[in-house]
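Hello,

Here is the structure I promised to hand over. Please load it before you read on.

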Amino acid sequence: MSINLFHICFMQNMLQRIQIQNSLRNSPFYSYSCFVWIFTRLSNWVGWVGFRLGQDTLGCVILNRIDFLKRIEPSVYRVGSGYQFNRLGVQCTNEGFSGLEFASGIPGTVGGAAYMNVGANGQETANAIDTAEIVTVDGRHQILYRSDFAFGYRMSPFQAMQDLTAIVAVTFRLLPSASVKERQQAYLRKRLWSHLVWERTTGSVFRNPPGMGVSAGELIEKAGLKGFRVGSAEVSKVHANFFINTGSSNSREMLELIGLVKAKVKKEFGIQLQEEIQYVGPFCKYSRIN
Ligand SMILES: NC(=O)C1=CN([C@@H]2O[C@H](COP(=O)(O)OP(=O)(O)OC[C@H]3O[C@@H](n4cnc5c(N)ncnc54)[C@H](OP(=O)(O)O)[C@@H]3O)[C@@H](O)[C@H]2O)C=CC1
Ligand SMILES: C=C(O[C@H]1[C@H](O)[C@@H](CO)O[C@H](OP(=O)(O)OP(=O)(O)OC[C@H]2O[C@@H](n3ccc(=O)[nH]c3=O)[C@H](O)[C@@H]2O)[C@@H]1NC(C)=O)C(=O)O
């Protein structure tokens with residue numbers, strides 16, 4: 001049984017635990033054309049109702065345990081993709097290096113952060129990346145250089161790669177800074193009161209609409225939806241882009257809430273919100289609610 005950060009159970013079968021090795025040639029998915037889910041903390045996932053991996057679709061879940069950290073030289077860290085992003089942010093900051101101080105308090109893994117190009121407080125994961133090591137669907141290990149790729153807001157080149165199986169490690173190049181600890185503490189304080197860390201939530205449900213100067217949270221609040229509920233799934237009364245499982249919510253309620261919020265914002269402001277969270281389900285890897 002597994003749950004995401006909404007604390008909604010969505011897989012009813014047992015997960016097969018597979019350690020990622022340098023090559024994935026021997027893993028069951030290699031000989032099939034199927035989906036592969038890198039199973040980390042599911043910080044950004046919502047599953048479709050009743051979806052059973054391996055029964056409703058052919059798939060393979062990999063539990064990412066690549067969690068090493070090596071200091072290549074002062075300020076350069078090579079880190080396994082299963083390493084906790086939050087932990088990395090705190091460690092680098094404590095050692096006096098800037099670039100990932102925004103990561104403290106953010107759930108998820110280094111692989112997830114690179115894949116989503118996670119950011120906060122004006123910083124982005126991409127800006128600290130030097131290289132990323134990936135494994136392709138045919139089992140090749142490749143090193144990609146940051147300078148060869150364009151990243152954008154919550155966008156990474158990994159999202160468009162047809163032959164990507166997984167990011168296995170990322171090397172970060174940071175800068176010395178005397179004030180980094182102070183900044184990190186300030187970000188953490190802000191996060192603690194504004195980001196509902198005590199609630200059952202995945203964080204931002206929607207991306208901010210690009211180039212509009214307005215956040216998804218503001219739009220949802222202006223549409224009068226703070227506190228709006230479907231069953232136990234609720235739009236937070238504190239931050240409207242955070243949806244909360246207030247009790248025993250299931251995926252059906254959460255998905256209905258997401259759909260209703262999108263429709264209301266579209267009707268009120270003509271803006272189509274786009275999810276930041278990812279869906280896992282039988283129809284396609286990243287289904288969308290329109
Ligand atoms: N800014 C904030 O305050 C918050 C940020 N977040 C961020 O959301 C992200 C979700 O993290 P996490 O729980 O680790 O990830 P998830 O398990 O939620 O996966 C999110 C996406 O990242 C992909 N992914 C994860 N690991 C890898 C990997 N090793 N190689 C390739 N793709 C990968 C997944 O791909 P696939 O579907 O193929 O498995 C999926 O598309 C994190 O980066 C987290 O920091 C979350 C909450 C709040
Ligand atoms: C939490 C996430 O990342 C967060 C990240 O932590 C913060 C801090 O930098 O900035 C983004 O939120 P955000 O744009 O909502 O930032 P906030 O500072 O909370 O709000 C922006 C503006 O919207 C307003 N706002 C926010 C919520 C709300 O209900 N009503 C409202 O009016 C705020 O007053 C502020 O003027 C990221 N979200 C996205 C989708 O880009 C996440 O990705 O899961």
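Below are the conventions, then the findings.

This is a predicted model: local features need pLDDT of at least 70, side-chain atom pairs count only at pLDDT 80 or more, and totals for chains, interfaces and linings use all residues. Residues are numbered from 1 along each chain as its sequence is written, chains are lettered from A and ligands numbered from 1 in the order written, and side-chain values use heavy atoms, without hydrogens and water.

**Domains.** The protein chain splits into domain 1 (2-65 + 280-288), domain 2 (69-187) and domain 3 (196-270). These bounds come from an automatic or database domain assignment. The C-alpha centres of domain 2 and domain 3 are 28 Å apart.

**Ligand 2.** Domain 2 and domain 3 both give residues to the shell around ligand 2, so it lies between them. The shell has 21 residues (a heavy atom within 4 Å). Asn121, Tyr153, Arg154, Glu221 and Glu276 are the closest. Tyr153 puts a polar side-chain atom 2.7 Å from a ligand 2 oxygen. For Arg154, that distance to an oxygen atom of ligand 2 is 2.7 Å. For a polar side-chain atom of His239, it is 2.8 Å. The protein covers 73% of the 820 Å² of accessible area that ligand 2 has on its own (Shrake-Rupley, 1.4 Å probe).

**Strand 7.** In strand 7 (residues 76-80), 4 of the 5 residues are buried, so it is largely enclosed by the rest of the structure. Buried means under 20% relative accessible area (1.4 Å probe, protein chains only). Strands are DSSP runs of E, at least two residues, numbered from the N terminus. Strand 7 pairs antiparallel with strand 13 (residues 164-173) over 5 bridges; pairing needs at least two DSSP bridges. Val76 stands opposite Arg173 there.

Best wishes

Definitions and conventions
Buried means under 20% relative accessible area, exposed over 50%, partly exposed in between (1.4 Å probe, protein chains only). A polar contact is a pair of N or O atoms within 3.5 Å; within protein, one must be able to donate a hydrogen and the other to accept it, and residues adjacent in sequence count only if both atoms are side-chain atoms.
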